Structure formats: structure tokens, C-alpha cells
There are 2 protein chains.
Amino acid sequence: MLRMSKLADYGTVVMTYLAQRPEAVHSAMETATQVHVALPTVSKVLKILAHENLVLSSRGAKGGYVLARSPKDISIAQIIDAMEGPIALTQCSSDDIVCEQEASCSIRGNWRKINEVVRSALQGVTLDNMAQPAVQPIHMYANGLKQRRAFS
Amino acid sequence: MLRMSKLADYGTVVMTYLAQRPEAVHSAMETATQVHVALPTVSKVLKILAHENLVLSSRGAKGGYVLARSPKDISIAQIIDAMEGPIALTQCSSDDIVCEQEASCSIRGNWRKINEVVRSALQGVTLDNMAQPAVQPIHMYANGLKQRRAFS
DNA sequence: CTAAATAGGACTAAAGTAGTTCCAATTGAA
DNA sequence: TTCAATTGGAACTACTTTAGTCCTATTTAG
């Protein structure tokens with residue numbers, strides 16, 4: 001019902017992989033192989049994560065990526081934020097514009113509460129948690145994914 | 001960060017409007033006017049909601065829509081589900097296919113937990129709650145939205 | 001019978017996303 | 001000093017989804 005982009009999904013996968021050996025430097029190549037996702041895609045993901053300071057990068061031969069912080073200090077919320085970027089609230093967020101949808105406007109405040117619940121739930125899940133093997137049997141929740149992951 | 005479609009957004013707006021006078025029959029026309037959204041769009045939304053049994057419809061002159069249940073028995077989760085539809089988990093959900101992304105697969109189980117938290121949060125918010133005027137000042141959280149609403 | 005409504009489907013246009021590719025900049029090591 | 005291994009960054013293409021509109025059939029009150 002709520003969704004996250006595929007890239008954000010890859011983001012969590014990649015980060016979880018890095019979290020398995022947080023001290024080592026992992027090249028995009030190596031990561032791609034281990035995670036079974038195409039190299040260009042993994043590269044793109046890592047570049048974004050580096051740009052958002054969730055991983056540190058080093059260039060040149062023997063370069064690669066490392067987690068910027070301890071796995072227990074990186075939340076899923078942060079990763080999704082990094083990958084999807086903040087979505088700009090336009091128009092109505094600037095005060096001088098009169099909202100055209102008054103009826104719906106009165107509802108927005110409630111959405112905020114919901115957001116906070118959702119967000120705090122996601123902030124509560126760290127890479128550390130993710131690295132622990134899942135309780136559920138493998139394969140069960142992987143999606144053949146068309147485009148997005150569903151929060152069913 | 002997580003997103004819902006604009007239609008789902010309209011869905012909650014429309015449903016909240018209907019919830020203000022749950023006993024009355026509201027035509028698409030009337031609703032569109034009150035909610036300040038184009039008629040064809042509101043029609044589409046109401047048709048979907050009717051099809052999903054969240055509202056009851058009556059045709060012909062003096063026809064229109066009514067909430068199918070009491071506002072306190074309709075959750076935001078149900079509305080979003082109705083508007084976005086279940087997103088089919090393909091491939092991996094059928095047992096005989098071997099998952100190609102084992103590394104990420106081991107993570108899926110955790111996603112399930114997250115889903116449940118998110119979902120239960122949304123199930124906890126009813127139309128009844130939405131109808132109560134928001135605490136926050138108007139205009140502040142409405143988005144000029146490009147395409148989707150952000151769960152920031 | 002007619003006007004007011006919904007039902008349902010088809011359709012168009014726009015937007016967003018995924019994924020690839022290319023080239024520049026770095027850097028370790030022979 | 002030169003080469004090879006890497007990341008940085010941006011541009012681009014193809015694809016999918018979504019939004020929104022419109023047309024026609026059906027239903028029903030008066």
C-alpha cells in the first residue's frame with residue numbers, strides 16, 4: 001500500500017551487505033557480485049549513499065566504500081531518505097499562497113501525525129537489526145518486483 | 001520518503017468529506033464542488049471506493065454515495081488499500097522458483113516486521129479521527145504536490 | 001418520457017524510474 | 001612515471017505508472 005522505490009530497496013540491501021563487515025573496504029564490483037545486482041546499478045546506489053554520507057568512499061586502486069558509522073547508528077529511515085530524497089512540499093508550504101483545496105487542507109494536520117508514526121517506526125530499525133538473519137524462511141518475502149516494493 | 005498515490009490521497013479527502021454527514025447521500029458533483037477537485041477525478045475515485053465497498057452507491061436521479069459503515073469503522077489503511085489495490089508479489093512468492101537475489105532475500109523477513117508496524121499505524125487511524133479538525137494550522141501541510149504525497 | 005446519476009471502460013498525455021554508458025578524476029603499485 | 005583499478009558525475013534512453021478526461025450504457029425518481 002505504501003511504497004518505496006526499487007533503488008531505495010537496493011540501498012538497504014547494499015547497506016546491509018556492507019554492515020556485515022563494517023571494517024572492510026568494499027568495491028562496487030565486489031558488492032555487486034555478492035549482492036547479485038548489476039554493477040552499474042550498484043555503482044549508482046553507492047554513489048548516492050556516498051553523496052549522502054552514509055558511506056565513505058576512497059578512489060583509486062584498492063578504493064571502495066565503507067559504512068560511515070556503526071551499523072547500529074544507521075536506520076532504515078535514513079537510508080530511504082538518502083535514496084529517495086526529500087520530496088519538496090511546494091506551494092502551500094509558502095505562506096502567502098492561498099490553498100485551493102481547503103476541504104482537504106483541514107485534513108493535512110492528521111497526515112502529519114501518521115507520518116511521524118511511520119517515520120519513527122522506520123527510525124527504530126537499524127542496519128544492525130537488518131544484519132541479523134530474518135526469522136522468516138527465506139524466499140517468502142522477496143518480490144519478483146515490478147518496479148516497487150509494496151508495504152502491503 | 002514513503003509515498004502514496006495522488007488518487008489515494010483524494011480517496012481520503014473524499015471519504016473524510018462523506019464522513020462529515022454519514023447519513024446523507026452525496027452526489028459526485030456535490031462532492032467535487034465541496035472538495036475542490038475536478039468532477040471526473042472525483043467520479044473516478046468514488047467509483048473505485050464503491051467498487052471496493054467502502055461506500056454504497058445508488059443510481060438514477062437523486063442517486064449518489066454514502067459511507068458503507070460508520071466513520072469509526074473505516075481506517076485509512078482500508079482506504080489506501082482500496083485506492084491503490086494490492087500489489088501482487090510475483091515470482092518469489094511461488095515456492096518453486098529459486099530466488100536470484102539470495103543476499104537481499106535474507107533481508108526480506110525484516111521488511112515484513114516493518115510493514116506490520118506501518119500498517120498497524122495506519123489501521124489505527126479512522127475516518128472518525130480524520131474528521132476531527134487538525135491541531136495544526138491550515139495550509140501548513142498541504143502540498144502543491146508533484147504527483148505523490150510524501151511521508152517525509 | 002426525461003433528466004439526473006452512476007458504471008465501466010478506453011484513451012491520452014505527462015511524469016517518474018530504472019538502468020546503462022561515457023568520460024573525468026584519483027590513487028596505489030609495478 | 002605509467003598503468004590499471006576505482007569512484008564521481010552527468011547525460012540519456014526506454015519503460016512503466018499515474019493522472020485525468022471522455023464517451024456510452026444503465027438505472028431511477030418524478
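User: Before we start, what are the ground rules on numbering and confidence?
Analyst: Residues are numbered from 1 along each chain as its sequence is written, and chains are lettered from A and ligands numbered from 1 in the order in which they are written. The model is predicted, so to speak of local features takes pLDDT of at least 70 and side-chain atom pairs count only at pLDDT 80 or more, while totals for chains, interfaces and linings use all residues, and side-chain values use heavy atoms, with hydrogens and water left out.

User: What share of the chain A contacts join residues at least 24 apart?
Analyst: 66%, counted among contacts between residues at least 6 apart in sequence. Contact here means heavy atoms within 4.5 Å.

User: Let's do helix packing. At what angle do α1(A) and α4(A) pack?
Analyst: About 130°, with the axes 9 Å apart; α1 covers residues 6-20. Axes are lines fitted to C-alpha atoms, for helices over the stretch in contact, and angles run from 0 to 180 degrees between N-to-C directions. The pair is therefore oblique: under 35 degrees is roughly parallel, over 145 roughly antiparallel, 65 to 115 roughly perpendicular, and the rest oblique.

User: Which residues make that contact?
Analyst: From α1(A) there are L7(A), A8(A), G11(A), T12(A) and M15(A), and from α4(A) there are I76(A), I79(A), M83(A) and E84(A). By class they split into six nonpolar, two polar and one charged. Ala, Val, Leu, Ile, Met, Phe, Trp, Tyr, Cys and Pro count as nonpolar, Asp, Glu, Lys and Arg as charged, and the others, Gly among them, as polar.

User: What about α2(A) against α3(A), what angle there?
Analyst: Helix α2 (residues 28-35) and helix α3 (residues 39-51) of chain A cross at roughly 120°, and their axes come within 9 Å. That makes α2(A) oblique to α3(A). The contact uses A28(A), M29(A), T31(A) and A32(A) of α2(A) with L39(A), V42(A), S43(A) and L46(A) of α3(A). Its classes are six nonpolar, two polar and no charged residues.

User: Switching to the core. Which residues touch the most other members of the largest one?
Analyst: M15(A), L49(A), M15(B) and L49(B), out of 69 residues in that nonpolar core. Such a core is a set of buried Ala, Val, Leu, Ile, Met, Phe, Trp, Tyr and Cys residues joined through side-chain atoms within 4.5 Å. Leaving aside neighbours within four places in sequence, L49(A) is in contact with G11(A), V14(A), M15(A), L54(A), V55(A) and M83(A).

User: Is S75(A) buried or exposed?
Analyst: Buried, because its relative accessible area is 7%. S75(A) sits in the loop between β3 (64-67) and α4 (76-84) of chain A. Not counting residues up to four places away, S75(A) touches L122(A), Q123(A), V125(A) and T126(A).

User: Last one: where is L7(B), and what does it touch?
Analyst: L7(B) is in helix α1 (residues 6-20) of chain B and counts as partly exposed at 24% relative accessibility. Beyond neighbours within four places in sequence, L7(B) is in contact with T41(B), K44(B), V45(B), I48(B) and M83(B). L7(B) and V45(B) are 38 residues apart in sequence and 6.9 Å apart, C-alpha to C-alpha.

Notes: Helix = DSSP H or I, 4+ residues; strand = E, 2+ residues; numbered from the N terminus. Buried < 20%, exposed > 50% of the residue type's maximum accessible area, 1.4 Å probe, protein only.
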